[in-house]
Amino acid sequence: MGMKGYLHIPESIYCKACKQCGSRPVIALVQGGYVVKCPVENSHYQTQAGLIDIADWNIHNAALDDDVIGLKAYNEAV
Ligand SMILES: [Zn+2]
């Protein structure tokens with residue numbers, strides 16, 4: 001556990017930056033499991049508590065011009 005009780009996601013794992021502020025997401029342990037969240041603002045997107053769901057984070061932080069279907073396929077393949 002690092003600062004503020006967050007786990008940093010290894011650089012080897014593909015994850016998108018927060019769509020609202022550009023921060024690399026972190027993993028936090030909360031009641032009910034893990035969330036993938038923005039380290040800066042709690043009001044920015046965070047995944048449902050449970051299993052670590054980087055795919056869900058990536059889909060919600062995809063820019064409009066991103067290939068969301070391709071991203072989904074990529075995440076399901078890894
Ligand atoms: Zn953010």
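**View 1. Three strands make one open, antiparallel sheet.** The sheet in this close-up is open, has 3 strands in the order S1-S2-S3, and pairs them antiparallel. At its edges stand strand S1 (6–8) and strand S3 (33–37); each has a single partner strand, so one side of each goes without a neighbour in the sheet. Going from one strand to the next, the twist averages 30°. Keep in mind that this is a predicted model.

**View 2. Here's the whole protein, for orientation.** Count the elements and you get 2 helices and 3 strands. Starting at the N terminus, they come in the order β-β-β-α-α. How many of the residues count as buried? Of the 78 residues, 15% do. As for longer-range contacts, take those in the protein with a separation of 6 or more: 21% of them are between residues 24 or more positions apart.

**View 3. S1 meets S2.** These two strands pair in the antiparallel sense, over 3 bridges. Look for Leu-7, which stands opposite Ile-27 in S2. Tyr-6 is also in strand S1.

**View 4. Zooming in on Tyr-6.** Is Tyr-6 buried, exposed or partly exposed? Tyr-6 is partly exposed, because 15 other C-beta atoms lie within 10 Å, and a residue needs 20 or more to be buried and 12 or fewer to be exposed. Setting aside neighbours within four places in sequence, Tyr-6 is in contact with Val-26, Ile-27, Ala-28 and Pro-39. Across the sequence, Tyr-6 and Val-35 are 29 residues apart, and their C-alpha atoms are 9.9 Å apart in space.

View 5. Strand S2 (residues 26–30) runs antiparallel to S3, and 5 bridges join the two. Leu-29 has Tyr-34 in S3 as its bridge partner, while Val-30 has Gly-33 in S3. The hairpin leaves 2 residues between the strands, and Gly-32 in the turn has a positive phi of about 100°.

View 6. Gly-32 sits in the loop between S2 and S3. Why does Gly-32 count as exposed? Because Gly-32 has 9 other C-beta atoms within 10 Å, and the exposed class takes in residues with 12 or fewer. Still, leaving out its neighbours within four places in sequence, Gly-32 is in contact with Ala-49 and Gly-50.

View 7. Where is His-44? Look in the loop between S3 and helix H1 (54–60). With residues up to four places away in sequence not counted, His-44 touches Cys-18, Gln-20, Cys-21 and Cys-38. One of these, Cys-18, is 26 residues from His-44 along the chain, and the two C-alpha atoms are separated by 7.7 Å. His-44 has 17 other C-beta atoms within 10 Å, so His-44 is partly exposed.

View 8. Gly-22 counts as exposed, because 11 C-beta neighbours lie inside 10 Å. Cys-38, one of the residues that His-44 touches, turns up again here. Gly-22 and Cys-38 are 16 residues apart along the chain, and their C-alpha atoms are separated by 8.9 Å.

Key. Residues are numbered from 1 along each chain as its sequence is written. This is a predicted model: local features need pLDDT of at least 70, side-chain atom pairs count only at pLDDT 80 or more; totals for chains, interfaces and linings use all residues. Helices (H or I, at least four residues) and strands (E, at least two) are DSSP runs, numbered from the N terminus. Two residues are in contact if their C-beta atoms, placed from the backbone, lie within 7 Å. Two strands pair if DSSP finds at least two bridges between them. Axes are lines fitted to C-alpha atoms, for helices over the stretch in contact, and angles run from 0 to 180 degrees between N-to-C directions.
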